[in-house]
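Have the coordinates open while you read.

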Amino acid sequence: HYLYSQILYDEHNYDGALEHINFALHFRAEKFSYQCRKIAYLYALKQHKTCLELVENLLKNYEEAELYVLRARLNKLFGHITKCFYDVHKALELDASNLQAAKIVEELNKSAEECRSV
C-alpha cells in the first residue's frame, strides 16, 4: 500500500494516496517514512492544520532538520513568523547546509526589509 500510495500521489490522486498510506500506517504506524508520506499527501490536499499537528508529534521523537523546515513553512503559512524564524534557525543548527532553511531565512529577511522601507 505504501508504494501504491506513492503512485497515486504522482498521478495527483491525493485522496487515494492518503487512503492507501493510512492503510499502510494501520500495520506499520511506527514507520517514520510512512508518517512523512502522510504529511506530504495532507499538504497536497491543503490540510495544513493537520500537517502541523503531525509534524509537531513527529518532532517529539525525531529531531530532524527537514521536520523543522516543514514546520517553519507551515507556521509561515499561518502567519506565525516568530515560530517560523525559530524553526528555520533550529533546522540550520541541526544542518548548517540545509538549503531550504537558508531560503526561508532569505525570504524572512526580505520581508523584514520591505516592512522597514514602508
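How far apart are the axes of H6 and H7, and at what angle do they cross? The two axes come within 9 Å and cross at roughly 145 degrees. Axes here are lines fitted to C-alpha atoms, for helices over the stretch in contact, and angles run from 0 to 180 degrees between N-to-C directions.

A word on the ground rules before going on. This is a predicted model, so local features need pLDDT of at least 70 and side-chain atom pairs count only at pLDDT 80 or more, while totals for chains, interfaces and linings use all residues. Residues are numbered from 1 along each chain as its sequence is written, and side-chain values use heavy atoms, with hydrogens and water left out.

**The overall picture**

The protein chain has seven helices and zero strands, running α-α-α-α-α-α-α from the N terminus on. Helices (H or I, at least four residues) and strands (E, at least two) are DSSP runs, numbered from the N terminus. Taken along the principal axes, the C-alpha atoms fill a box of roughly 50 × 25 × 20 Å. Of the 118 residues, 33% count as buried; buried means under 20% relative accessible area, exposed over 50%, and partly exposed in between (1.4 Å probe, protein chains only). Among contacts between residues at least 6 apart in sequence, 40% join residues at least 24 apart, where contact means heavy atoms within 4.5 Å.

**Helix pairs**

Two packed helices are described by the angle between their axes and the distance between the axes.

| Pair | Axis angle | Axis distance |
|---|---|---|
| H2 and H3 | about 155 degrees | 9 Å |
| H5 and H6 | roughly 165 degrees | within 8 Å |
| H6 and H7 | roughly 145 degrees | within 9 Å |

Start with H2 (residues 14-27) and H3 (residues 32-44), which pack at about 155 degrees. That makes H2 roughly antiparallel to H3; angles under 35 degrees count as roughly parallel, over 145 as roughly antiparallel, 65 to 115 as roughly perpendicular and the rest as oblique. H2 passes H3 in a left-handed crossing, a label for a near helix turned anticlockwise from the far one by less than a right angle (right-handed if clockwise). On the H2 side the contact includes Leu 18, Ile 21 and Leu 25, and on the H3 side Tyr 34, Tyr 41 and Leu 42 are among the residues involved. By class, the contact of H2 with H3 has ten nonpolar, two polar and two charged residues. In this scheme Ala, Val, Leu, Ile, Met, Phe, Trp, Tyr, Cys and Pro count as nonpolar, Asp, Glu, Lys and Arg as charged, and the others, Gly among them, as polar.

Next come H5 (residues 65-77) and H6, whose axes cross at roughly 165 degrees. H5 and H6 are therefore roughly antiparallel to each other, and H5 passes H6 in a left-handed crossing. Tyr 68, Val 69 and Ala 72 are among the H5 residues in the contact, with Ile 81, Val 88 and Leu 94 among those of H6. The contact of H5 with H6 divides into nine nonpolar, one polar and five charged residues.

Back to H6 and H7: their crossing is left-handed. H6 brings Ile 81, Cys 84, Phe 85, Val 88, His 89, Ala 91 and Leu 92, and H7 brings Ala 101, Ala 102, Ile 104, Val 105 and Leu 108. The class count for the contact of H6 with H7 is eleven nonpolar, one polar and no charged residues.

**Single residues worth a click**

Asn 98 is found in the loop between H6 (81-94) and H7 (99-116). At 3% relative accessibility, Asn 98 counts as buried. Its side chain joins that of Glu 66 in a polar contact of 2.9 Å. Such a contact is a pair of N or O atoms within 3.5 Å; within protein, one must be able to donate a hydrogen and the other to accept it, and residues adjacent in sequence count only if both atoms are side-chain atoms. Leaving aside neighbours within four places in sequence, Asn 98 is in contact with Ala 65, Glu 66, Val 69 and Leu 92.

His 48 lies in H4 and counts as buried at 15% relative accessibility. Not counting residues up to four places away in sequence, His 48 touches Tyr 43, Leu 74, Leu 77 and Phe 78.

Finally, two loop residues. His 12, in the loop between H1 (2-10) and H2, has a positive phi near 65 degrees without being a glycine, and counts as exposed at 58% relative accessibility. Lys 46, in the loop between H3 and H4 (48-59), is not a glycine either, yet has a positive phi of about 60 degrees. At 65% relative accessibility, Lys 46 counts as exposed.
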